[in-house]
Amino acid sequence: MNRRARDTRTVLVALAAATLLAACTRDATPATPGAASPPAPPAASPLPATAPTPPGLLLTADFGADTVTFVDPERGAVASVAVGRAPYALAVGADGRAWVATAEGVAVVDTRTRVRVARIPYRTATGPVTDGEYRGGGMGIALSPDGARAYVGVNVPGTTGVLEVLDTTSREVTAVVPVGRRPFDVDVSRDGTEVYVTGHDSFDVTVVAAGPLSTRRIEVAPYGTEGGLGSWLKPHYAAVRPSDGKLLLPFEGERLAVVDPRTGRTAVEPMTADTHQHGVALAADGRLLVVGTGAVRPGDGKGPSLTVRSPDGTERIVPLEGPHEDVAVSRDGRTAYVTGGYTRDGHWNGITVVDLDTGATRRLPAGTRPLGVAVL
């Protein structure tokens, strides 16, 4: 039995007595520095309001503000657009429109002109509009392959969440589907026939058939569900593996849950980072990138990192300075962009740029507590 299995019962008993609910718990841990960073480049000049957005910029959802920020990956932020309170995640379509899940509704931003063209209110009542990790409103968001629909996981504090389906032409909510608690992530199958909603506080993935909107629940709990809301051993983000359509969900830098949505069966593969894990992304060559936020308590794991996992299961661990949340990959597959926002304490206002060939890192100022990130 490994260390975490031995400690789990003791830790969960303590957590049950604590006031923390629905935790992605993390105590302060000294940061582990990455490779030496080069001197910071000069700050980027703001883009003129009438200038078109150049290709290759990044777009971040600024959870600590009401904006999305356009970021030059070499020099930093160049523009921002107000979208609504506490934006969490975003998805960008082939038409250049970004769909942003905020506490107030789904904002639609024309990324080519840097203008918010709409904000669509949720059909579901989520309580007062607030900030912070447990706020109500949109969390994970994804687009159908044809761009006709946007799917947003909506957190309803104190109860189960919903998936709201938006028609991207009419910009209206067309359906509401019950899912698990706190839908951290939403993913879509490559053929668009299924939507996968990761329920953080319910230890599950809800499989939603895109046509009839029928649902199936798959429990994803390689450590079990003991401890309930007080447990940190819960799913966060998923990636759909193109080769076979299976879902990849990392846990604690120790276990990778490989979920077959057709059968509901989960296989578990070992991981090596030994750190609490959040955001994921897949590179075009099949490498899985996983963001490690750091040890959940002193002495129980290693520091923040980026895991670069090859399709054969071998892993390279890149240390990061301080907690991070999500990750995107450059179009050439050589660079990762890791957001420093983090859903709990320890966040910072920037992105760590990781050279995937060498493992070298550099920190780039960007936005206010950026969580979601996309490459334009």
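Modeller: Start with pairing. Two strands pair if DSSP finds at least two bridges between them. Remember too that this model is predicted.

Colleague: What makes strand E20 and E21 a pair?

Modeller: The bridge count. Strand E20 (residues 276–282) and E21 are joined by 5 bridges. The cut-off is at least two, so they pair. They run antiparallel. Within this pair, alanine 281 stands opposite leucine 289 in E21. The hairpin of E20 and E21 has 5 residues between the strands, and there glycine 286 takes a positive phi near 95°.

Colleague: Which strand lies on E21 besides that, and which residue stands opposite leucine 288?

Modeller: Strand E22 (residues 305–309) is joined to E21 by 5 bridges, again antiparallel. Leucine 288 stands opposite arginine 309 in E22.

Colleague: Why is strand E21 called largely enclosed?

Modeller: Buried means under 20% relative accessible area. In strand E21 (residues 288–294), 7 of the 7 residues are buried, so the rest of the structure largely encloses it. Leucine 288 also belongs to the largest nonpolar core, which has 33 residues. It is one of those that touch the most other members, along with Tyr88, Trp99, Val106, Ile141, Val152 and Leu166.

Colleague: What does leucine 166 touch?

Modeller: Beyond four places in sequence, its contacts include Trp99, Val106, Ile120, Ala148 and Val152. Apart from that core lies another, of 17 residues, with Phe70 and Leu376 among them.

Colleague: How do you know whether threonine 168 is buried or exposed?

Modeller: Set its value against the limit. Threonine 168 has a relative accessible area of 1%. The limit is under 20%, so the label is buried. Threonine 168 sits in the loop between strand E10 (162–167) and strand E11 (172–178). Its contacts beyond four places in sequence include Arg97, Trp99, Leu143 and Ala150.

Colleague: Why is aspartate 187 called buried?

Modeller: Its relative accessible area is 13%. That is under 20%, so it is buried. Aspartate 187 lies in strand E12. It touches Ala142, Glu194, Val195, Tyr196, Ala238 and Val240, leaving out residues up to four places away in sequence. Aspartate 187 and glycine 140 are 47 residues apart in sequence, yet 8.2 Å apart in space, C-alpha to C-alpha.

Colleague: What makes strand E12 an edge strand?

Modeller: First, the sheet. It is open, with 4 antiparallel strands in the order E12-E13-E14-E15. Strand E12 (183–188) and strand E15 (215–219) each pair on one side only. E12 is joined to strand E13 (residues 194–199) by 5 bridges. There, aspartate 185 stands opposite threonine 198.

Colleague: How do you know how far to trust the model, and where is pLDDT under 50?

Modeller: Look at pLDDT, the predictor's confidence in each residue, from 0 to 100. The protein chain averages 90, and 89% of the residues score at least 70. Residues 1–38 stay under 50. Read that stretch with care.

Conventions
Residues are numbered from 1 along each chain as its sequence is written. This is a predicted model: local features need pLDDT of at least 70, side-chain atom pairs count only at pLDDT 80 or more; totals for chains, interfaces and linings use all residues. Side-chain values use heavy atoms; hydrogens and water are left out. A nonpolar core is a set of buried Ala, Val, Leu, Ile, Met, Phe, Trp, Tyr and Cys residues joined through side-chain atoms within 4.5 Å. Buried means under 20% relative accessible area, exposed over 50%, partly exposed in between (1.4 Å probe, protein chains only). Contact means heavy atoms within 4.5 Å. Helices (H or I, at least four residues) and strands (E, at least two) are DSSP runs, numbered from the N terminus.
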